[in-house]
Amino acid sequence: MTEARGSAGLDGEAYPPGTPCWVSLMVHGMAATQDFYGALFGWEFRPGPQQLGPYVRALLDGHEVAGIGQLPSDRHLPIAWTPYLASADADLTAERVRHCGGTVGVGPLDAADAGRMAIASDSSGAVFGIWQAAAHLGTAVTGVPGTPAWNELFTRDTAGAAKFYETVFGYQEEPLASADVDYVTLRVEGRPVAGIRGVGRGLPRDRGAHWLTSFEVADTDEAVTRVTGLGGHLLKPARDTPHGRVATVVDPEGAVFSVVHTEGRSHR
């Protein structure tokens, strides 16, 4: 069974501005990608808005949880999960992005009657989406296997990134008081919604600053086995953290994501 969206936002209402409300993946092979994630998370699919080309929404027990779209054959963009951050006014948010040194690559534009969207990058180049909800509020269920669990920005400049997102979206910042970890939690209305992790020179040379989405699973180690059996591969082995057991994996097209079994959640 799934649980209706609760802490993520009030039922029937849009997510509060700044809250990650949706994740979307653009790929070259949509059919193969649907097969992979369908087998991994139990997702089913139905058509979504086609403004940017073929697009489907992933369903878990009938609830919309994520999107997968088709990249044009002549576009060789990085394959990556992109979090969409809620906005009450996508055009105004896009202007703030530009004012703070970011760029807006797509939109703002209407996605049929679903809402208004844009795809932007922050001042360090990390790509994210902007979503102004209309008929489509965003991810409709959280907290169960197969749903987005957390979004985290990896960057060399934690302070600069935090300032950018605070100015654009109005987050409250909560730096982690640790000499060993460079981390800032972003809060909306007092609730943690995303994180910024400073990695110094630890970013791969072929990847600059980027967002990483984690998906909830019932068993992290079993999920890793399933990923590799479906043609993906392991990037960072499963490890225990204060928030649960997490591993970072790569799908067959190269999209990096994490799987996590949240501490204290039995998923029975």
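I would like to begin with helices α2 and α3, which are roughly antiparallel to each other, because their axes cross at roughly 150° and an angle over 145 degrees counts as such. Please keep in mind that what we are looking at is a predicted model.

In that pair, α2 covers residues 90-99 and α3 covers residues 158-169, and their axes come within 9 Å. As for handedness, the crossing in which α2 passes α3 is right-handed. On the α2 side the contact is made by T93, R96 and V97, while α3 contributes F164, T167, V168 and F169. Sorted by class, that contact has 4 nonpolar residues, 2 polar ones and 1 charged one.

Two of the α2 residues in that contact, T93 and V97, are also among the residues that I130 touches, and I130 itself sits in strand β8, which runs over residues 127-133. Is I130 buried or exposed? With a relative accessible area of 0%, I130 is buried. Leaving aside residues up to four places away in sequence, I130 touches Y84, L85, S87, A90, T93, A94, V97, R116, M117, A118 and A120.

Of its 268 residues, 48% count as buried, and the chain exposes about 12,500 Å², of which carbon and sulfur atoms supply 52%. Finally, when we consider contacts between residues at least 6 apart in sequence, 59% of them join residues at least 24 apart.

Terms used. Residues are numbered from 1 along each chain as its sequence is written. This is a predicted model: local features need pLDDT of at least 70, side-chain atom pairs count only at pLDDT 80 or more; totals for chains, interfaces and linings use all residues. Side-chain values use heavy atoms; hydrogens and water are left out. Axes are lines fitted to C-alpha atoms, for helices over the stretch in contact, and angles run from 0 to 180 degrees between N-to-C directions. Helices (H or I, at least four residues) and strands (E, at least two) are DSSP runs, numbered from the N terminus. Angles under 35 degrees count as roughly parallel, over 145 as roughly antiparallel, 65 to 115 as roughly perpendicular and the rest as oblique. A crossing is left-handed if the near helix is turned anticlockwise from the far one by less than a right angle, and right-handed if clockwise. Contact means heavy atoms within 4.5 Å. Ala, Val, Leu, Ile, Met, Phe, Trp, Tyr, Cys and Pro count as nonpolar, Asp, Glu, Lys and Arg as charged, and the others, Gly among them, as polar. Buried means under 20% relative accessible area, exposed over 50%, partly exposed in between (1.4 Å probe, protein chains only). Accessible areas come from the Shrake-Rupley method with a 1.4 Å probe; for residues, only the protein chains shown count as cover.
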